[in-house]
Each structure stands twice: as C-alpha cells, then as structure tokens.
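Here is a set of questions and answers for someone opening this structure for the first time.

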Amino acid sequence: MTAPWNAKELTVGQLSERSGVAVSALHFYEAKGLIASRRTTGNQRRYTRDTLRRVAFVRLAQRIGIPLKTIKEALAELPEERTPNRADWARLSATWRAELDDRIEQLLRLRDDLTDCIGCGCLSLDRCVLANPRDQLGDDGPGARRIDTHLRPPACCG
C-alpha cells in the first residue's frame, strides 16, 4: 500500500502509480535529466506534482518516436525548465514534424521495397534496393561490406 497523498509532493511509488510508468523508468528518466526530485533526510525521492505532466510529456514524445536526447533538449529550452504546457507542445511538436515526416517516408519506402529484399544480410546481391542500390558494393567483391542503417537510397539512385 502506498503512502497517503501529499498535496505538494509525490513519492516515486505515487508518481509511478499516477503516471502509469514503472519506478525503474522514473529512475532512468531522472538519471537522464528528464525529471528531477529532491531527497528527504532519509534519502527518499520526492517529486513536485507538476512532474506528472513532465512524465506525460516524455512518454508521449517517446511514443511518437522522439529520442530521449531530443526530448531533454526540448525540455531544457523551457524557461527555468518548467513543465511544458499546451503552447509548448504545439511549438515543440511542430519542430519535430519534419523529422517524423522523414521517418514515415523511410518506413513507406521500406514497406514498398520489402518484397525485393530477402533479408539475408548479404549486401552484395545484384538487386537490393534497400541496402545496396544498383549493386554498388558488388564491385568490392562478394560478401557483406557494410551495414547501412539509413534506409533511403543515395540521391543518385532514388
């Protein structure tokens, strides 16, 4: 059973219960500088109530694919690192739109090209539009030459 609710601060268990985020994830967020707590004389974490909104912001941004580093940078831009509000979300999400559009384009290309890829890892296939467009790596000989994690083919081959 968790401790009674405090009007000003939450324990890590209460924050976990209210946010739906595991205690271990909250500790991770704190270690990454996404949320902050104060320590009691007994070295227990105490979070201000606005941390709930901050955790919700982090979770939503993660859910749409924004990396934690980018989320941290966005939160650091807020005056006095305050909790984001609706206007902040609108501004920040607008800056992330181009990145999300690029990811969507990459995923669509992957989906459309998937039938031509047998997923064997051999990057010297004569026809692999995903990892080896126009068999550019085949000129270097047989076998895998590199792993290209960027799905978009070079501009010359698009």
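Q: Which residues in H5 do Thr 70, Ala 74 and Glu 77 in H4 meet?
A: The model is a predicted one. Contact here means heavy atoms within 4.5 Å. On the H4 side the residues are Thr 70, Ala 74 and Glu 77, and on the H5 side they are Arg 91, Leu 92 and Trp 96.

Q: By class, how many residues in the contact of H4 with H5 are nonpolar, polar and charged?
A: Ala, Leu and Trp count as nonpolar, while Glu and Arg count as charged. The contact of H4 with H5 has three nonpolar, one polar and two charged residues.

Q: At what angle do the axes of H4 and H5 cross?
A: Helix H5 covers residues 86–113, and its axis comes within 11 Å of the axis of H4. H4 passes H5 in a right-handed crossing. The axes cross at roughly 140 degrees.

Q: Are H3 and H4 parallel, antiparallel, perpendicular or oblique to each other?
A: Two packed helices are described by the angle between their axes and the distance between the axes. H3 (residues 51–63) and H4 (residues 68–77) pack at about 140 degrees, with their axes 10 Å apart. Angles over 145 degrees count as roughly antiparallel, and 65 to 115 as roughly perpendicular. H3 and H4 are therefore oblique.

Q: Is the crossing of H3 and H4 left-handed or right-handed?
A: The two helices pack with their axes 10 Å apart. Their crossing is right-handed.

Q: Which residue in S3 is the bridge partner of Leu 10?
A: S1 (residues 9–10) and S3 (residues 45–48) pair in the antiparallel sense over two bridges. The partner of Leu 10 in S3 is Tyr 47.

Q: Which residue in S3 stands opposite Arg 38?
A: S2 (residues 38–39) pairs with S3 in the antiparallel sense over two bridges. In S3, the residue opposite Arg 38 is Arg 46.

Q: Which residue in the hairpin of S2 and S3 takes a positive phi?
A: The hairpin has five residues between the strands. The residue in question lies in the loop between S2 and S3.

Notes:
Residues are numbered from 1 along each chain as its sequence is written. This is a predicted model: local features need pLDDT of at least 70, side-chain atom pairs count only at pLDDT 80 or more; totals for chains, interfaces and linings use all residues. Side-chain values use heavy atoms; hydrogens and water are left out. Axes are lines fitted to C-alpha atoms, for helices over the stretch in contact, and angles run from 0 to 180 degrees between N-to-C directions. Helices (H or I, at least four residues) and strands (E, at least two) are DSSP runs, numbered from the N terminus. Angles under 35 degrees count as roughly parallel, over 145 as roughly antiparallel, 65 to 115 as roughly perpendicular and the rest as oblique. A crossing is left-handed if the near helix is turned anticlockwise from the far one by less than a right angle, and right-handed if clockwise. Two strands pair if DSSP finds at least two bridges between them.
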